[in-house]
Amino acid sequence: MATKNSVKILEVCRVSPPQNTGSLSAIPTTLPLTFFDIIWLRFAPVQRVFFYETSHTQTPFLDTILPKLKDSLSLTLQLYLPLAGTLIWPKDSHKPIINYAEGDAILLSVAESNANFYDLSGDNFVEAVEYHPLVPHLATSTEACSVLALQVTTFSNCGFCIGITAHHAVLDGRSSTMFMKSWARICKLGGDALSLVPELTPCYDRMVIKDPTGLEAIYLNQWMNENGPNNKSLMV
């Protein structure tokens, strides 16, 4: 079914966490997947859209709100560093890992839509296809996958939405919601919000996750034997 929602891409930019900050040293740059994650390795990415009603014209949004969104996104990635990285499955690794290298970034698309903001954001029935132009593509190949992509879409004098496309093996519903709430908090409060409240603070300690029944090995064998043997492709 064709969509009536016409979206024009205005910009695609890279947003990276601030470099040379002390807080980055406390966050691991390499993070292995756990059995909670591995089961979703080749599933389609998770896509969500958040709508925000505002009163603005196109020019003030691009000049005021958008720069604030970009700056606060960069600060948020400082705390959610793996989201700016890449999911890979090295030949010498028995399982996939999330790897961040200095200079890695999230792709942020900026767009405008001619659709009715209130139809899309309300509680009336809307065909899912109408939302597809509001979420970005997530770069995926056999060797590497982006973890997260974002799209900000404006609607004339009504508001804007943020579309999120996340790799399902890296972000689930709760963790993606934590990220969005953290971004919103930092966007509202600025640098004062960099010390997140406990419920928004990500935990990267893999030692707390126990696997007494060996589920990780079972899931890895299933993926490697699918169109295998030794199939380490990351394609959906």
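**Exercise 1. How many disulfides does the structure hold?**

Before we start: this is a predicted model, where local features need pLDDT of at least 70, side-chain atom pairs count only at pLDDT 80 or more, and totals for chains, interfaces and linings use all residues. Residues are numbered from 1 along each chain as its sequence is written, and side-chain values use heavy atoms, with hydrogens and water left out.

*Solution.* Start with the rule: a disulfide is a pair of cysteine sulfur atoms within 2.5 Å. Now try Cys161: the closest cysteine sulfur to its own sits in Cys158, 12 Å away, which is too far for a bond. The count for the structure is 0 disulfides.

**Exercise 2. Sort Cys161 and Cys203: buried or exposed?**

*Solution.* Grab the cut-offs: buried is under 20% relative accessible area, exposed is over 50%, and partly exposed lies in between (1.4 Å probe, protein chains only). Cys161 has a value of 0%, so it's buried. Cys203 comes in at 56%, so that one is exposed.

**Exercise 3. How many residues apart in sequence are Leu189 and Ser72?**

*Solution.* Along the sequence, Leu189 and Ser72 are 117 residues apart. Now go to space: C-alpha to C-alpha, Leu189 and Ser72 are 9.4 Å apart.
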